[in-house]
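Hi everyone, thanks for making time.

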Amino acid sequence: MQAYIPDIAIVITTYKRQELLRGLLQSIRELEVGPAAIVVVDNEKSSETEAIAAQFSVERYVAMENNTGGAGGFSRGVAEAYQMGHKWFWLMDDDVAVLPNAIEELAKWTLKTDTDLANGIPISQTVGAFQPARRNYDSSFFYWQYKFSTKFGMQNPLASAKHVQSQPSTPINCLCFEGGLVHRRAVEEAGLPDARFFIYADDTIYGYVLSQYTKMLFINDYTLIRTRTMQTMRVGSARKLTPASDMSRYYIMRNRGYMANYLKLYRQYNPLFFKLGTAYTLAKELVRLFVSGSTADKRSSLRELRRGMRDSRAIKHDAQWHPYSKVCSLPHTEA
């Protein structure tokens with residue numbers, strides 16, 4: 001009897017980080033059990049990146065005409081993998097490496113989903129998305145806020161790291177594009193990731209949208225390790241604040257407009273508590289700017305925060321707003 005191997009397409013978004021991409025692709029090609037395909041979305045449209053993709057025999061390389069951010073890159077990458085006909089889409093940035101036996105670890109979980117679907121169980125009654133555990137570059141547990149608070153419109157900073165480390169799996173309602181694994185049936189229901197986010201909270205909200213159509217689990221099996229070190233300021237025993245650019249400050253605040261609209265779509269929007277969530281988010285950015293030792297031009301950074309809040313309000317009150325599933329349809333699949 002042939003061993004079960006899930007039909008996984010790895011979707012990678014990259015931008016001006018060729019050496020990190022090279023390391024990731026090397027780790028994938030060294031797997032004893034590899035993916036069915038690799039899709040690389042290059043937001044730089046670089047000849048060097050294209051050459052690296054060719055060196056590692058990437059099944060589909062996509063050169064974007066413009067930088068669409070992580071949101072646009074993963075939206076296009078999922079569309080490509082979907083069009084290729086694969087069942088599972090494993091999403092990852094270029095600053096990770098795949099650990100040995102990663103596919104076998106995922107297979108322990110995807111088998112039940114594939115079996116359920118083959119037996120006619122709808123995607124709403126099985127697990128259509130997984131978030132496997134990751135390691136920091138020093139091999140320690142990488143903490144990720146795995147609960148999205150619909151009341152405040154933010155990931156819950158109090159979600160227990162010890163809890164997910166002590167359980168084989170934990171129900172979640174958000175996703176991270178650093179290792180999130182999604183079944184094509186779930187994508188058919190939720191649509192593509194919303195490219196309009198550009199960066200920040202795009203994966204959180206895509207996971208939230210997916211959670212409306214399927215079950216989701218954080219699984220306590222390590223499949224990735226981060227390969228890029230970052231300056232951080234520790235907040236508590238597990239949580240950290242990383243530096244931010246003015247561009248990210250703008251999108252952190254602006255994208256709350258999209259968050260609000262998705263919460264309205266699924267009737268989970270609470271104006272008062274969402275404002276409190278916005279105030280908390282702004283306070284966190286001010287701490288990051290003034291307390292974490294940032295060398296940014298403080299006036300410029302404050303202008304970007306204000307601009308993001310202004311544009312967020314415009315998006316939130318846009319009567320013509322539609323979810324991305326109605327803005328951009330899934331592609332036709334190959335015969």
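**A quick tour of the chain**

Let's begin with contacts: among those in the chain with a separation of 6 or more, 78% are between residues 24 or more positions apart. One caveat before I go on: what you're looking at is a predicted model.

So what is the chain built from? There are 12 helices and 13 strands. The radius of gyration is 19 Å, close to the 20 Å the globule rule gives for 335 residues, so the chain is as compact as a globular protein of that length.

Of the 335 residues, 52% count as buried. The chain exposes about 15,300 Å², and carbon and sulfur atoms supply 51% of that.

In soluble globular proteins, nonpolar side chains tend to be buried together. Here, the largest nonpolar core has 58 residues, and the ones touching the most other members are W144, L210 and Y262. Which helix gives this core its largest share? That's α3, residues 69–84, with seven residues.

Ignoring neighbours within four places in sequence, its contacts include I172, C174, L175, C176 and F218. Q131, R134 and Q155 are on that contact list too.

There's also a second, separate core, this one of 30 residues, with F56, W109, F130 and L181 among them.

Let me finish by zooming in on one helix, α2, which runs over residues 47–55. Which of its residues are buried? T49, I52 and A53 are. They cover an arc of only 100 degrees around the axis, which puts them on the same side of α2. Turn to the face pointing away from that buried side and you find the exposed residues S47 and A54.

At the start, a side-chain oxygen of S46 reaches to within 3.1 Å of the backbone nitrogen of E48. Just after the helix, S57 takes a positive phi of about 55 degrees.

How values were computed
Residues numbered from 1 in each chain as written. Predicted model: local features only at pLDDT ≥ 70, side-chain atom pairs only at ≥ 80, totals over all residues. Heavy atoms only, no water. Buried < 20%, exposed > 50% of the residue type's maximum accessible area, 1.4 Å probe, protein only. Helix = DSSP H or I, 4+ residues; strand = E, 2+ residues; numbered from the N terminus. Arc of directions from axis to C-beta. Polar contact = N/O pair within 3.5 Å; in protein donor to acceptor, adjacent residues only side chain to side chain. Rg over C-alpha atoms; globule rule 2.2 N^0.38 Å. Contact = heavy atoms within 4.5 Å. Areas by Shrake-Rupley, 256 points an atom, 1.4 Å probe, with all protein chains shown as cover. Core = buried A, V, L, I, M, F, W, Y, C linked by side-chain atoms within 4.5 Å.
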